[in-house]
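Thanks for coming, everyone. Please look at the sequence and the model first, then I'll talk.

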Amino acid sequence: ISLFISIPKFFDYEKKSGNIRDILIKNYNLDLIKYSSIKFDVFPFPHLVIKNADLSLKDQPFILKSKNFKIFLNIQDLYNYRSSSFKKIKLNENKIKIEIYNTLAFLNFFKKQEKKISIKNLNLTLNNNENIILELKNVNFFNYGHRSNKVDGLIFDKKFEAKFSNKDKKLNFRILKTGIDAELNFDEIKKDN
């Protein structure tokens, strides 16, 4: 079985990028706009590594830049990408800039993902008319496992944790070791205010 798993290491994934792109759009609503390379790695589980990827979030006006984008494959999909879905995707070392009034759309994009996705080390800049309002650094998010729908990272160089409310458009947010807790209601954000 190890030979079966290691043979894809020699494939030319540049030729399969169209199939990979189609699966990302269909299953994750992510469009792979550009990248520097695609390689296969066997360990710890079979996966593709896409370097320096620019991803468009479907129907959203922002681009996510990921230095290290991993697509974990099901064993049966090692040789065929036409009709498959991926086991999960991981986005590492990421950057994104969004306007403050698009915050809910951005959060909902990831909250509503049905397929497994994780984001690690995201630097998120929130702007208002291209003026920086807030920067969140080293943000991590998983939509599966024991950390499902939890967000953590740094704000003002302090650790924070947040959790999506399943019922409504709220995010419970707390900055650790400061006593600061907040409940953000994104239903009340207006584009002009």
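Ground rules first. This is a predicted model, where local features need pLDDT of at least 70, side-chain atom pairs count only at pLDDT 80 or more, and totals for chains, interfaces and linings use all residues. Residues are numbered from 1 along each chain as its sequence is written, and side-chain values use heavy atoms, with hydrogens and water left out.

How many salt bridges does the structure hold? There are 5. By salt bridge I mean a side-chain nitrogen of Lys or Arg within 4 Å of a carboxyl oxygen of Asp or Glu.

Start with Lys 34 and Asp 54. Their closest N and O atoms are 3.8 Å apart. This pair links distant parts of the chain, 20 residues apart: Lys 34 is in strand 1 (residues 30-34), and Asp 54 is in strand 3 (residues 47-57). Strands here are DSSP runs of E, at least two residues, numbered from the N terminus.

Buried or partly exposed? Here are the cut-offs: buried is under 20% relative accessible area, exposed is over 50%, and partly exposed is in between, with a 1.4 Å probe and protein chains only. Asp 54 is buried, at 9%. Lys 34 is partly exposed, at 49%. Lys 65 joins in as well: Lys 34, Asp 54 and Lys 65 form a network of salt bridges.

Next, Asp 152 and Arg 147. The closest N and O atoms of this salt bridge are 2.7 Å apart. Asp 152 is partly exposed at 23%, and Arg 147 is partly exposed at 28%.

Now Arg 174 and Glu 161. Their salt bridge has its closest N and O atoms 2.9 Å apart. Again, distant parts of the chain are linked: Arg 174 sits in strand 10 (residues 170-175), Glu 161 in strand 9 (residues 158-164), 13 residues apart. Arg 174 is partly exposed at 40%. Glu 161 is too, at 35%.

That brings us to strand 10. Which side chains point to which face? Leu 171, Phe 173 and Ile 175 point to one face and are buried.

Now the pairing, which takes at least two DSSP bridges between two strands. Lys 163 has Asn 172 as its bridge partner in strand 10. Lys 170 stands opposite Asn 185. Strands 10 and 11 form a hairpin with 4 residues between them. In that turn, Lys 177 has a positive phi of about 60 degrees.
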